[in-house]
Amino acid sequence: MTLTNKTPASRSALAQRGGSALGDRVFSWWTLGTGLLVLAILGLILITTVREAWPAFDAMGPRFLTERIWDPNPATGEAIFGALSFAYGTAISSLIALLFAVPVSVGIALFLTELAPRRLRGPAVTVIDLLAAVPSVVFGLWGILVVAPAMVPVYQGLHDLLGGVPVLGRLFGPVSSGRNFMTAGLILAIMITPIVTSITREVFSTVPRADKDAALALGATRWEMIRGAVFPHSFGGVVGAVMLGLGRAMGETIAVALVIGGATNISANLFAPGNSMAAVIVQQFGESTGTFTAALIGLGVVLFAMTVLINVLAQTVVRRAEARMKGSVA
Amino acid sequence: MASNDTDLTTRPSVTVHAPGSTASGVEPTGAPVMQLRDVSVYYGSYEAVRGTTMPIQQNQVTAMIGPSGCGKSTVLRALNRMNDPIPGARVSGDVLFHGQDLYARDVDPIQVRRRIGMVFQKPNPFPKSIYDNVAYGLRINGIKGRLDDHVEEALTKAALWDEVKDKVRKSALALSGGQQQRLCIARTIAVKPEVILMDEPCSALDPIATAKIEDLMFELTSDYTIVIVTHNMQQAARVSHYTAFFTAEVDDKQVRHGRLVEFSQTGKLFTNPTDKRTEDYITGRFG
């Protein structure tokens, strides 16, 4: 058959096939549409929350961010809405969560990808994923009924041991109850471990066999192989996993509300009660009206902004670190 | 590492067996640096390669050729215990290195690989700079002295220094495939092994890059012993002093095994093979 043959049959062989071309168009519109939908929803959330929060922003001005006092119903004078204490509570409890969850998650992921016998991997993954399926209110109740009381002697012991050390001792101040920044951080750590583990494991399992073989063939021990071949390959992905965990920790509401202690407080003392933005919203939204409601929505806006900021920061860090590690590709 | 130069154990004990005997039909140029004696490799209960006996002569290139699935790569990986991480992989028989069995209980595979390096089929530099790729092995092996000098020496020996000396801090991934493979060779010789195993090192490279690697192999034999697995018979004929021809055999239970058919000096194997199967393969009637 030649292309210059002008019979109808041969021409149609090169013509567009109607059915599949339509399918292609539908598919591309569908994917474009869903992609735009996400952006639209994000944009709408931002616009409406800022608008709803405006009365509070208007009343407080930049003080909304710098003021540590939160007093919706003062005996005399104007109500004061400062987000700083709660932003601090969100940051410190999430930070504690990362501090515990990341090493544990990376350890579990390494064990599952590099060390565990094949038949142990499946069950272990199932158990960890089950942890992710536990509702957060259950974690909160477990935290308030079991963990908080049980940890008091531990906190007390740490305070007795380290409380006198200069600078460091300020982190391990007096213990008033089991409900504090530390307990909130611990509960959050347990809650984010499954997601961080799961993604880290996926990332580690994409390290090419060839890279690991290369390290081993140079006389690397298993740990040297992990440091030399697995970590450089996985850095970006692990940071991504940590960011997802951090996002979940910062946004966690009910579990934190139950165990963080419910105090408007900025303190270096990890054993002091405090509050987080998400927890305050869920605790106070039901009884709020007017500017008070606006201020709570304002907390939501600040939380949203913080999350976005941290993610952008993390992406920059990853790009820089990867460029440094690989050497520039130019 | 212990002071004894041939000691591969983590503890300073000495386990030296009798020196390996040489295979029949081959005139050795000296005591072989390695000796395989009735080596079989298993994956679980499957015997992938059966009963291989052959020497690896010092400062010579030994080629392993044969059709796909004949077990030549499997045997190669058994020479520095690279099969160890594969679940169920097992070796029987003796793999002797300076007379010491590499699979003896007290031998540390880390030390084995430090002395018997490996270059792989696909160039696999780490996603790091050229410098760090070469320095990696030096660092983990705690090699003393000026790192810069060692890196330059290794890159020079791998015939890569002139091409990369102005960009050693740049990514190794920006190099061409042939340069990457020479970098992998540099990385291997940086830790100063005695034997370098090469698993089809040119199969992903173009003819010019291949020629450069072949020239390099010839130069490296002054310091190193090389074992190369190759699909390319012309390459084996060009670069090697000894050639081992493997093939896949089906036994009475219909199970395929890799088998060493013939081992001899390369010139003899290609011009005057003893075995009919070798002749069929090298003349292109099979495989």
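Student: Which residue is the bridge partner of B:I196 in β8(B)?
Tutor: B:I226. This is a predicted model, where local features need pLDDT of at least 70, side-chain atom pairs count only at pLDDT 80 or more, and totals for chains, interfaces and linings use all residues. Residues are numbered from 1 along each chain as its sequence is written, with chains lettered from A and ligands numbered from 1 in the order in which they are written.

Student: In which sense do β7 and β8 of chain B pair?
Tutor: Parallel, over five bridges, between residues 195–199 and residues 225–229. Strands pair if DSSP finds at least two bridges between them; strands (E, at least two residues) and helices (H or I, at least four) are DSSP runs numbered from the N terminus.

Student: What is the strand order of the open sheet in chain B?
Tutor: β5-β4-β1-β2-β10-β9-β3-β8-β7-β6, 10 strands with mixed pairing. The edge strands, β5 (100–101) and β6 (116–119) of chain B, each pair on one side only.

Student: Switching topic: how many residues of chain A are in contact with chain B?
Tutor: 21, against 28 residues of chain B; contact means C-beta atoms, placed from the backbone, within 7 Å.

Student: Which elements give two or more residues to that side of chain A?
Tutor: α8 (209–217), α9 (222–251) and α12 (290–326) of chain A. The largest share, six residues, comes from α8(A).

Student: And which residues of chain B does the UniProt domain annotation cover?
Tutor: The unreviewed entry puts "domain: ABC transporter" on residues 34–273 of chain B; UniProt positions are given in the numbering used here, feature names are shortened, and annotations may be inferred rather than shown by experiment. That span is 34% helix and 29% strand, with its end C-alpha atoms 24 Å apart.

Notes. Two residues are in contact if their C-beta atoms, placed from the backbone, lie within 7 Å.
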